[in-house]
Amino acid sequence: MINIKVPVRISQYWALCSLMAFIFLFNCSVASGARPLITDCSILLTEAEIEPLSSPYLRAGIKQDLFTIPSVKVEGMKIESIVKMTSTYTSPTDPGGFHLSAPLAMQIISQIGIIHGHVLMGFSEKKAEVWMSDYSIKHRKPIRDPDNIKVELVLVESVPVRNNPDALSMTYHFTINGDAATGETKLYFDPPPNE
């Protein structure tokens, strides 16, 4: 066995690796039938050109998505609920019909988190101003049943907010329909003083 060493600079090595990765990914996308992307463009689109490219759901359909929370079950740091849609929007490009969108999931998680935070603070009605300061979600599979959206939030951290002794920052882990969607959110509760 002959071992030949060829001097290569590290920058050349990484450039070569990057090029090989690009070629691999490009070939994979072409081989799998994906449309190649046009990345060397500079285009200014007008409002008339933007509308047919944009999402009808985000433009107007989201206003049709309405939900109700018939009941919640609070067990200390955990809150569970089955959410039901009272009105839904169906995308013309989705042959499967209704699916829980990311913006709708965020609204549902926010509402249930607001309810839970107020219950834990001893309120029987919404008193605190609440801001969502952080939110992330992974959708693993579509949630299509509008009458059976199972939501669970677990409070994993509650800390006082610096410079505001009445406010709390609450971090929740959440699941929707088991592992169909999972994520984390941070809600900032600022109740009125002395409430």
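**Exercise 1.** Which residues does His139 touch, not counting residues up to four places away in sequence?

*Solution.* The model is predicted: local features need pLDDT of at least 70, side-chain atom pairs count only at pLDDT 80 or more, and totals for chains, interfaces and linings use all residues. Residues are numbered from 1 along each chain as its sequence is written, and side-chain values use heavy atoms, with hydrogens and water left out.

Step 1. Locate the residue: His139 lies in strand S4. Helices (H or I, at least four residues) and strands (E, at least two) are DSSP runs, numbered from the N terminus.

Step 2. Apply the contact rule, heavy atoms within 4.5 Å. His139 then touches Leu100, Ser101, Ala102, Ala105, Ala180 and Ala181.

Step 3. Take Ala105 from this list. The C-alpha atoms of His139 and Ala105 are 9.8 Å apart, and the two residues are 34 apart in sequence.

**Exercise 2.** Determine whether Ser169 is buried or exposed, and list its contacts.

*Solution.* Step 1. Ser169 belongs to strand S6 (residues 164-176).

Step 2. Recall the classes: buried is under 20% relative accessible area, exposed is over 50%, and partly exposed is in between (1.4 Å probe, protein chains only). Ser169 has a relative accessible area of 13%, so the residue is buried.

Step 3. Leaving aside residues up to four places away in sequence, Ser169 touches Glu157, Ser158, Val159, Val161, Lys186, Leu187 and Tyr188.

**Exercise 3.** How many aromatic pairs are there, and how are Trp131 and Tyr188 arranged?

*Solution.* Step 1. Rings of Phe, Tyr and Trp (its six-membered ring) pair if their centres lie within 6.5 Å; planes under 30 degrees apart count as stacked, over 60 as edge-to-face and the rest as tilted. By this rule the count is three.

Step 2. Trp131 and Tyr188 form a tilted pair, with 4.9 Å from centre to centre and 40° between the planes. This pair links distant parts of the chain, 57 residues apart: Trp131 is in strand S4 (residues 129-139) and Tyr188 in strand S7 (residues 181-190). Trp131 is partly exposed, at 42% relative accessible area.

Step 3. The ring centres of Tyr135 and Phe174 are 5.8 Å apart and their planes stand at 15°, so this pair is stacked. Because Tyr135 lies in strand S4 and Phe174 in strand S6, the pair ties together parts that are 39 residues apart in sequence. Phe174 is buried, with a relative accessible area of 2%.
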